Amino acid sequence: MKNIFVISYDCDKLGDYFKKCNEDLQDFINSKKFSEIVIHCKHNLCNRENLHNELKKHNENYLVVIYAHGDKDKIIDNNKNDIINIDDAINYNNAIVYSSACYSAEELGKKMHLYTCQMFYGYFRKAYIVSLYKETFIELDNFALKEILQDEDIEPIELCKKIDKYFDARIEEMSSINKLVTPLLMHNRESYKIYKNKEEYPK
């Protein structure tokens, strides 16, 4: 893929968490020296209008990455304004959409997939973050995305195996650091969905 649209903003509740996720993604892209990738939408400057204006210029081979708050049928900004809502789903018919927003896989992801979005990854329920261990949560929020960037044709079953194995390693590691955080990682591990090829994963 050549074009990546990133939605992120400073959050009253989570501080710079979304920004740090964005920076981790860009550091990864730079380290891998992916050729011809262009990142669109600057941190804190992506609203519904400019996002959709940019998307109109690209109708294939692009990725939308969402570091934001969400609900089952929308992605919202820090002021609870819609950035993407379920009525916009048809506009993502050729996209890979990767969302760390809570609940976004419940209805929005399904609708995007119905309109032939190539792949949707997201959480179908609340995803937890613990600021004291934000590096671990960022690492896990971005793991599947990095796998997709390295192989956009990866089969969902294989991707799920890699995600679960990576989560399990971090859960085991955290169990020796802070047992109170471990259940939150376990919850997040069981909260993601992938929609691709008219199927839902994990099964």
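Is Tyr166 buried, exposed or partly exposed? Hold that thought, everyone. This is a predicted model, in which local features need pLDDT of at least 70, side-chain atom pairs count only at pLDDT 80 or more, and totals for chains, interfaces and linings use all residues. Residues are numbered from 1 along each chain as its sequence is written, and side-chain values use heavy atoms, with hydrogens and water left out.

Let's go to the aromatic rings. Rings of Phe, Tyr and Trp (its six-membered ring) pair if their centres lie within 6.5 Å, and planes under 30 degrees apart count as stacked, over 60 as edge-to-face and the rest as tilted. By that rule there are 9 aromatic pairs. Tyr121 and Tyr192 are stacked, because their ring centres are 5.7 Å apart and their planes sit at 20 degrees. Tyr121 belongs to strand S8 (residues 119-123) and Tyr192 to strand S9 (residues 192-196), so this pair ties together parts 71 residues apart in sequence. Strands here are DSSP runs (E, at least two residues), and helices are runs of H or I, at least four residues, both numbered from the N terminus.

Tyr121 is buried at 2% relative accessible area, and Tyr192 is buried at 2% as well. Buried means under 20%, exposed over 50%, partly exposed in between, with a 1.4 Å probe and protein chains only.

A second stacked pair is Phe143 with Tyr166, 4.1 Å centre to centre and 10 degrees between the planes. Phe143 lies in helix H4 and Tyr166 in helix H5 (residues 156-175), so they link parts 23 residues apart in sequence. Phe143 is buried, at 14%. And back to my opening: Tyr166 is partly exposed, at 23%. Thanks, folks!
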